[in-house]
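Open the model in your viewer and keep the sequence panel beside it. We will go from one selection to the next.

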Amino acid sequence: MIAGGLTASLALIALLQTRAAPEAHANGTSRRVRALIAGIALFLALMPVIGYPLIAPLWVGGTMIILGERHHLTIAGTAVLLPAVAYSLLAGLAYAPPPPGIFGGN
């Protein structure tokens with residue numbers, strides 16, 4: 001939730017900056033911002049249903065692609081390691097594991 005809120009805030013700031021600078025529309029910045037906001041909304045909507053272990057790597061990888069990363073190994077490594085570390089920290093230190101979704105076992 002914190003990562004989603006932070007990303008949403010940064011996307012909103014970027015959106016406001018594109019409104020202040022009309023020339024930014026020509027280079028596709030506005031599309032990126034809309035894609036980031038849509039990605040955050042999908043991530044937050046699908047996380048309780050699908051579960052953090054499946055949706056977080058897809059979201060991180062998609063966000064990296066939207067932001068311009070093209071190195072496949074970097075995308076794959078970050079998309080797997082970042083959510084794993086976040087899950088470990090949330091579950092182990094904060095005792096607040098993210099929603100397991102289909103891995104819930106109930």
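A residue counts as exposed when its relative accessible area is over 50%, and as buried when that figure is under 20%. Keep in mind that this is a predicted model.

**Whole chain.** Show the cartoon. The protein has four helices and zero strands. Along the sequence the pattern reads α-α-α-α. Now colour by burial: 25% of the 106 residues are buried. Contacts come next. Of those between residues at least 6 apart in sequence, 53% join residues at least 24 apart.

**Helix α3.** Select residues 52–66, the 15 residues of α3. How far apart are its end C-alpha atoms? They are 20 Å apart, which agrees with the 21 Å that the helix should span at 1.5 Å a residue. Show the side chains next. Which residues of α3 are buried? They are Tyr52, Ile55, Ala56, Trp59, Val60, Gly61, Thr63 and Met64. An α-helix has 3.6 residues a turn, so residues three or four places apart point the same way. Step just past the end of α3 to Gly68, where phi is positive, at about 110°.

Jump to Ile102, in the segment after α4 (72–92). Is Ile102 buried or exposed? Its relative accessibility is 60%, so Ile102 counts as exposed. Together with Ile102, they make a nonpolar surface patch of about 310 Å².

Definitions and conventions: Residues are numbered from 1 along each chain as its sequence is written. This is a predicted model: local features need pLDDT of at least 70, side-chain atom pairs count only at pLDDT 80 or more; totals for chains, interfaces and linings use all residues. Side-chain values use heavy atoms; hydrogens and water are left out. Patches are made of residues with over 30% relative accessible area and no salt bridge: like charges are joined within 9 Å, nonpolar side chains (Val, Leu, Ile, Met, Phe, Trp, Tyr) within 5 Å. Accessible areas come from the Shrake-Rupley method with a 1.4 Å probe; for residues, only the protein chains shown count as cover. A salt bridge is a side-chain nitrogen of Lys or Arg within 4 Å of a carboxyl oxygen of Asp or Glu. Helices (H or I, at least four residues) and strands (E, at least two) are DSSP runs, numbered from the N terminus. Buried means under 20% relative accessible area, exposed over 50%, partly exposed in between (1.4 Å probe, protein chains only). Contact means heavy atoms within 4.5 Å. The expected span of a helix is 1.5 Å times one less than its number of residues.
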